[in-house]
Amino acid sequence: MALVLKSLNWLLRGLLGLAGAILVYAAWPVAQGAWQAQKADAVLNQLRTGRPVTVTHVDAGITALNLAVAADPTAGRRLQRSELVAGAALTAGLDISVEQRVVWLRSAEADLVGGLGSAPARGVAWARLASVRQGLQGTSRGVVDALLMSIDTAPLLNPIWPARLRLILDNWVAFTPQERARLEAYVVMTWRLNSERRYFGAAVRSPVDELFLRYFLRDEPQGQEELAREIENFKRHGI
């Protein structure tokens, strides 16, 4: 019995050692991908907070994330790369050509479609895809479909309500009557749930935008007056 136990103990230790080696081997791509992705954190944070970025920093971040995706080609890595590439492409102050913006937008769209195919419950990523398609296609069903998926997967994520409101106004003609009724109710819901409504004023870029918002809020108590204040405040002070 002692000999059997000794043999089993040796076998167990051998299997544990083998399992450890396999775990290290399997975890290496994840660790390598994370290490590379960290190199893009600084420029991503700059884009997220609206601070100025340079083309050099963006290119370095994209290179790092390319290596991260190559090491660990998961949905999360592709969606992370799409955030940087799309954010840079849609940053008006970045000194790049229209052609370069289009290249980046197409790259971001490919990453988003691929990433969301594996991880569809990402409301922010669906909103990003809608914004990317808006940049590439303008008003289209492609924008609408991505926007509706964003709302379906994360309806109460208020940091992206302003972007969604802008996309709703820009694509109103592309919605079906049923979708328009649904989105009108959604806009009213966001109005009711958020006491901070400056983004409603910021969303108005034309008299047509204001007309739509006034129509959406037609039954809201004091809605017309408060909307008028938010529009005027934005004109005077910005958001």
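## Aromatic pairs

Phe-212 is partly exposed, with a relative accessible area of 23% (buried means under 20%, exposed over 50%, partly exposed in between, with a 1.4 Å probe and protein chains only). This is a predicted model, in which local features need pLDDT of at least 70 and side-chain atom pairs count only at pLDDT 80 or more, while totals for chains, interfaces and linings use all residues. Residues are numbered from 1 along each chain as its sequence is written, and side-chain values use heavy atoms, leaving out hydrogens and water.

The whole structure contains 6 aromatic pairs (rings of Phe, Tyr and Trp, the last by its six-membered ring, with centres within 6.5 Å; planes under 30 degrees apart are stacked, over 60 edge-to-face, the rest tilted). Trp-172 and Phe-212 make a tilted pair, at 5.6 Å centre to centre with 50° between the planes. Trp-172 belongs to the loop between helix H8 (161-170) and helix H9 (177-193), and Phe-212 to helix H11 (residues 207-216), so this pair ties together parts that are 40 residues apart in sequence. Trp-172 is buried, at a relative accessible area of 10%. Trp-191 and Phe-200 form an edge-to-face pair, with 4.9 Å between centres and 85° between planes; Trp-191 and Phe-200 are buried. Ring pairs also link Trp-172, Phe-175, Phe-212 and Phe-216 into a cluster.

## Charges over rings

Arg-197 lies over the face of Trp-191, 4.2 Å from the ring centre. The charged end of Arg-218 is placed over the ring of Tyr-215, at 4.0 Å from its centre. The criterion is NZ of Lys or CZ of Arg within 6 Å of the ring centre and within 35 degrees of the ring normal.

## Overall composition

The protein has 12 helices and 0 strands (DSSP runs numbered from the N terminus: H or I of at least four residues for helices, E of at least two for strands). Of its 239 residues, 42% count as buried.

Among contacts with a separation of 6 or more, 63% come from residues 24 or more positions apart (contact means heavy atoms within 4.5 Å).

The 15 residues of H6 (residues 123-137) should span 21 Å at 1.5 Å a residue, and the end C-alpha atoms are 21 Å apart, which agrees (the expected span is 1.5 Å times one less than the number of residues). Buried residues of H6 include Trp-126, Leu-129, Val-132 and Arg-133. Their cover includes helix H4 (75-89), helix H5 (98-118), helix H7 (141-153) and H8. Gly-138 follows H6 and has a positive phi, near 75°.

H4 also has 15 residues, and its first and last C-alpha atoms are 21 Å apart, close to the 21 Å expected. It is mostly covered, with 12 of its 15 residues buried; among them are Arg-77, Arg-81, Glu-83 and Leu-84.

## Nonpolar core

In soluble globular proteins, nonpolar side chains tend to be buried together. Here the largest nonpolar core has 54 residues, and those with the most contacts inside it are Val-58, Leu-84, Trp-104, Leu-165, Phe-200 and Leu-213 (a core is a set of buried Ala, Val, Leu, Ile, Met, Phe, Trp, Tyr and Cys residues joined through side-chain atoms within 4.5 Å). Apart from its neighbours within four places in sequence, Leu-213 contacts Leu-165, Leu-169, Phe-200, Val-204 and Leu-227.
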